[in-house]
Amino acid sequence: MTMPFYSSVDQLLRDRSELARKGISRGRSVVVLTYAGGVLFVAENRSSALHKVSEIYDKIGFAAVGRYNEFENLRTGGIRMADFRGFTYDRRDVTGRMLANAYAQALGTAFVEQQKPFEVELCVAEVGQEPGGDQLYRITYDGSITDEPRYVVMGGQTEPISTKLGETYSHGLELPDAIGVALGGLQVPGADPGASNGATAPRVLSPDALEVAVLDRTRPRRTFRRLEGAALAELLPASNRGTSDEEPGVAGGDDTPAAGGALPDGGGS
């Protein structure tokens, strides 16, 4: 007669948390912050096809780190939910808070009920008509949600990046200054998850190693726009305008996602 396998609920949740945290920490980092003209997204991403930053709706953007197949399905689910609500009721009824709550519910349910949790961390950002109306929501793998007033750092080694931003960030930054602040955090020694432990030399991220986008409050309806090529290079500090010698990779240089384990399309709703 075989003995039934038993593990306490606390142990199961600890194991799931450890699995999710390890998967997320292997990814390259994303910084989302508010600036004078709206909301800025800066991600270390050497892939030109697999995006970590995307548009969800008129004034709402999405950023993620972790397993690409998992957060991509969450992204498409959020788009479908937003489109359905905006079509059925009114476009003004689609808000960042509503989408963030939906993502938190989906991730929290999966964390408790599924054997494998999502190895993702999300940020839902909404730009307001005035700087005081900007909203940043951070949603973690277990469904926890927080409202961040200034900036969000996800993936990789977040502690040195957050420390640097705490020293350099201020409200009301213009776009070039905001990009410089975000890059200063991403390039700080110890921020690269692929570097050897104890690395002290700062990195320099060139335009081909970055994914940059904004929610521009001056645009009349669809506020999301990507900054690429020459337009991006002009906004970067002079030291970051070269070309990277690193090979292109999957999203942000993260580990290639395993098949399966992703929420079906529409699961963000």
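Biologist: How many residues does the chain have, and what percentage of them count as buried?
Modeller: The chain has 269 residues, and 50% of them count as buried. This is a predicted model.

Biologist: What confidence does the chain average in pLDDT?
Modeller: The average pLDDT is 86, and 84% of the residues score at least 70.

Biologist: Where does pLDDT stay under 50?
Modeller: Over residues 256-269. The model still has 33 contacts for that stretch beyond four places in sequence. Where pLDDT is low, the predicted coordinates should not be read in detail.

Biologist: Fine. How many helices and strands are there?
Modeller: Six helices and 10 strands.

Biologist: What share of the contacts with a separation of 6 or more comes from residues 24 or more positions apart?
Modeller: Such residues account for 69% of those contacts.

Biologist: On to the sheets. What is the strand order in the one that contains S3?
Modeller: The order is S3-S4-S5-S6-S7, an open sheet of five strands with antiparallel pairing. Strand S3 (53-57) and S7 are the edges, each pairing on one side only. From one strand to the next, the twist averages 25°.

Biologist: Which helix packs on that sheet and touches S3, S4 and S5?
Modeller: Helix H2, residues 68-88. The direction of H2 makes about 20° with that of S3.

Biologist: And which strands does H3 lie across?
Modeller: H3 lies across S3, S4, S5, S6 and S7, and runs at about 165° to S5.

Biologist: How many bridges join S5 to S6?
Modeller: Five, between strand S5 (residues 120-126) and strand S6 (residues 135-139), which run antiparallel. Val-124 stands opposite Tyr-137 in S6.

Biologist: What is the bridge partner of Tyr-137 in S7?
Modeller: Asp-147. S6 and strand S7 (residues 145-148) are joined by four bridges and run antiparallel. Another pair there puts Leu-136 opposite Glu-148 in S7.

Biologist: How many residues sit between the strands in the hairpin of S6 and S7?
Modeller: Five residues, and Gly-143 in that hairpin takes a positive phi near 90°.

Biologist: Back to H3 for a moment. Is Ala-110 buried or exposed?
Modeller: Ala-110, which is found in helix H3 (residues 96-113), has 4% relative accessibility. The cut-off for buried is under 20% relative accessible area, so Ala-110 counts as buried.

Biologist: How many bridges join S1 to S8?
Modeller: Four, with strand S1 covering residues 30-35 and the two running antiparallel. Leu-33 stands opposite Tyr-151 in S8.

Biologist: At what angle do H4 and H5 pack?
Modeller: About 145°, with the axes 8 Å apart. H4 spans residues 158-168 and H5 spans residues 175-186. Their crossing is right-handed.

Biologist: Which residues meet there?
Modeller: From H4, Ile-161, Lys-164, Leu-165 and Thr-168; from H5, Val-181, Ala-182, Gly-184, Gly-185 and Leu-186. By class, the contact has five nonpolar residues, three polar and one charged.

Biologist: Last topic, H6. Is Ala-230 buried or exposed?
Modeller: Ala-230 lies in helix H6 (residues 229-235). The cut-off for exposed is over 50% relative accessible area, and Ala-230 has 55%, so Ala-230 is exposed.

Biologist: What separates the C-alpha atoms of Ala-230 and Pro-207?
Modeller: A distance of 9.0 Å, for two residues that are 23 residues apart along the chain.

How values were computed. Residues are numbered from 1 along each chain as its sequence is written. This is a predicted model: local features need pLDDT of at least 70, side-chain atom pairs count only at pLDDT 80 or more; totals for chains, interfaces and linings use all residues. Side-chain values use heavy atoms; hydrogens and water are left out. Axes are lines fitted to C-alpha atoms, for helices over the stretch in contact, and angles run from 0 to 180 degrees between N-to-C directions. A crossing is left-handed if the near helix is turned anticlockwise from the far one by less than a right angle, and right-handed if clockwise. Contact means heavy atoms within 4.5 Å. Ala, Val, Leu, Ile, Met, Phe, Trp, Tyr, Cys and Pro count as nonpolar, Asp, Glu, Lys and Arg as charged, and the others, Gly among them, as polar. Two strands pair if DSSP finds at least two bridges between them. pLDDT is the predictor's confidence in each residue, from 0 to 100. Buried means under 20% relative accessible area, exposed over 50%, partly exposed in between (1.4 Å probe, protein chains only).
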